[in-house]
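Hello,

I am passing on the structure we talked about, and my notes on it follow below. Please have a look at it before you read on.

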Amino acid sequence: SRDIRSAIIPTMRPHPNPNAPFVLGVDIGGTKLATVLATPYGRILRKERLPTEANKGPDVGVARLISMLHHVLADVDNVGEVRGIGVACGSPMDAEQGIILGPPNLQSWNPVPIVDILEREFGLYTCLENDANAGALAEWRFGAGQGRRSVVYMTMGTGIGGGLVLDGRLYRGANGNAGEVGHMRVVSEGGPLCGCGKRGCLEAYCSGPSIARRARETLTRAPLAGATMIGLAGSLEAVTAEHLFAAARQGDGLALRLVDETAHLLGVGLANVIQLLNPEAIVLGTIATEQGDFFLDRVRCTVQAETWPQLFEAVEILPSPLGNQAGDYGAISVILEALEIESR
């Protein structure tokens, strides 16, 4: 088969079908691929998920995506009934040109002109957006941010990503890199090295792996104090963020202290965002969604202490309600946003 990375972006693109009854979404991750057929109002009609198998390279992954899209299109009478395809994937990328540029979990996908490939295959207008921006759009359209003009979305998983919808529009910044909230400095001196190369970043303290690392480092110094965590995990080396929160819920003093520290640092980061942007809602995914008010009430206390009262009163800090469908809603939100921009 031809090397997909040698494809050339065409000068003539398919026209969108703005009044068609369906949209397609594609969510590309390091471990899974997902495709979805939906209505523009967020009703999921058909979806498929398969492993990415990133080690097999982009040709295999893209061929799999194309097959999955054909499957979810099986109930559609003709392609003219689809408005377009939205693709969400991790950065780095050139969203304007529709090219994936080797995200950390898909390093061999560099470059992959995914928009060109899908437009040639299906004849449908296609657009690409990074997954954090897609998540922000999903929350604004279908999740906790519905009915609000300004929403900040933050993931709290392997890393901390963010997306901004300001005054009813996705804000990308000067060159598409706005919303990198995980790389705000929340500790002024020293601290663990972040993946970005800086020290003191929010992500280096509050992502899932960073929380787990801090727990294990503390347990190394005081293993008896964290017996509950170690007992839940089976060994000190196996302790994860989930074990930390579970132990804290059981009243483990060391675990509670680490949860409070995490909530404080996250609260400082959110306070900075609120002080700068004055949003109506900050929606938190992954860990915050799983832990709910047990964690978020602690975060809110720090935010209240660190922001002006009138700013705190205007914002809600909420867990994402989209759960494991967040990627689906993100992908379809990408095409809906693009079509609205086209129509302006």
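Gln291 touches Phe245 and Arg249, leaving aside residues up to four places away in sequence; contact here means heavy atoms within 4.5 Å. Gln291 sits in helix H9 (residues 287-291), and it counts as buried because its relative accessibility is 11%. The cut-offs are under 20% relative accessible area for buried and over 50% for exposed, with partly exposed in between (1.4 Å probe, protein chains only). Helices (H or I, at least four residues) and strands (E, at least two) are DSSP runs numbered from the N terminus.

Before the rest, a word on the source: this is a predicted model, in which local features need pLDDT of at least 70 and side-chain atom pairs count only at pLDDT 80 or more, while totals for chains, interfaces and linings use all residues. Residues are numbered from 1 along each chain as its sequence is written, and side-chain values use heavy atoms, with hydrogens and water left out.

Rings of Phe, Tyr and Trp (its six-membered ring) pair if their centres lie within 6.5 Å, and planes under 30 degrees apart count as stacked, over 60 as edge-to-face and the rest as tilted. Phe142 and Tyr329 make a tilted pair, at 5.2 Å centre to centre with 45 degrees between the planes. That pair links distant parts of the chain, with Phe142 in helix H3 and Tyr329 in helix H12 (residues 326-343), 187 residues apart. Both Phe142 and Tyr329 are buried. For Phe245 and Phe295 the ring centres are 5.4 Å apart and the planes stand at 85 degrees, so this pair is edge-to-face. Here too distant parts of the chain are linked: Phe245 is in helix H7 (residues 241-249) and Phe295 in helix H10 (residues 293-306), 50 residues apart. Both Phe245 and Phe295 are buried.

Now to the sheets. Five strands form an open sheet of mixed pairing in the order E3-E2-E1-E4-E7; two strands pair if DSSP finds at least two bridges between them. E3 and strand E7 (126-130) stand at the edges with a single partner strand each, so one side of each has no neighbour in the sheet. From one strand to the next, the twist averages 15 degrees. Axes are lines fitted to C-alpha atoms, for helices over the stretch in contact, and angles run from 0 to 180 degrees between N-to-C directions. Helix H2 (residues 114-122) packs on this sheet, touching E1, strand E4 (82-89) and E7, and its direction makes about 150 degrees with that of E7. Helix H3 (residues 131-142) packs on the sheet as well, touching E4 and E7, at about 100 degrees to the direction of E7.

Within that sheet, strand E1 (residues 22-28) and E2 run antiparallel and are joined by six bridges. They form a hairpin with three residues between them, and Val23 has Ala38 in E2 as its bridge partner. E2 also pairs with strand E3 (residues 44-51), antiparallel over seven bridges. Bridge partners in E3 include Pro51 for Lys32 and Lys47 for Val36. The hairpin of E2 and E3 has five residues between the strands, and Gly42 there takes a positive phi near 95 degrees. Strand E2 (residues 32-38) is largely enclosed by the rest of the structure because six of its seven residues are buried.

A further open sheet has five strands in the order E10-E9-E8-E11-E12, again with mixed pairing. Its edge strands, strand E10 (169-171) and strand E12 (316-319), each pair on one side only. The twist in this sheet averages 25 degrees from one strand to the next. Strand E11 (residues 281-284) and E12 pair in the parallel sense over four bridges, and Ala281 has Glu316 in E12 as its bridge partner. H3 lies across strand E8 (151-154), strand E9 (162-166), E10 and E11, at about 45 degrees to E9. Helix H8 (residues 253-277) lies across E8, E9, E11 and E12, at about 145 degrees to E11.

Finally, the protein as a whole: it has 12 helices and 12 strands, and buried residues make up 53% of its 344 residues.

Best wishes
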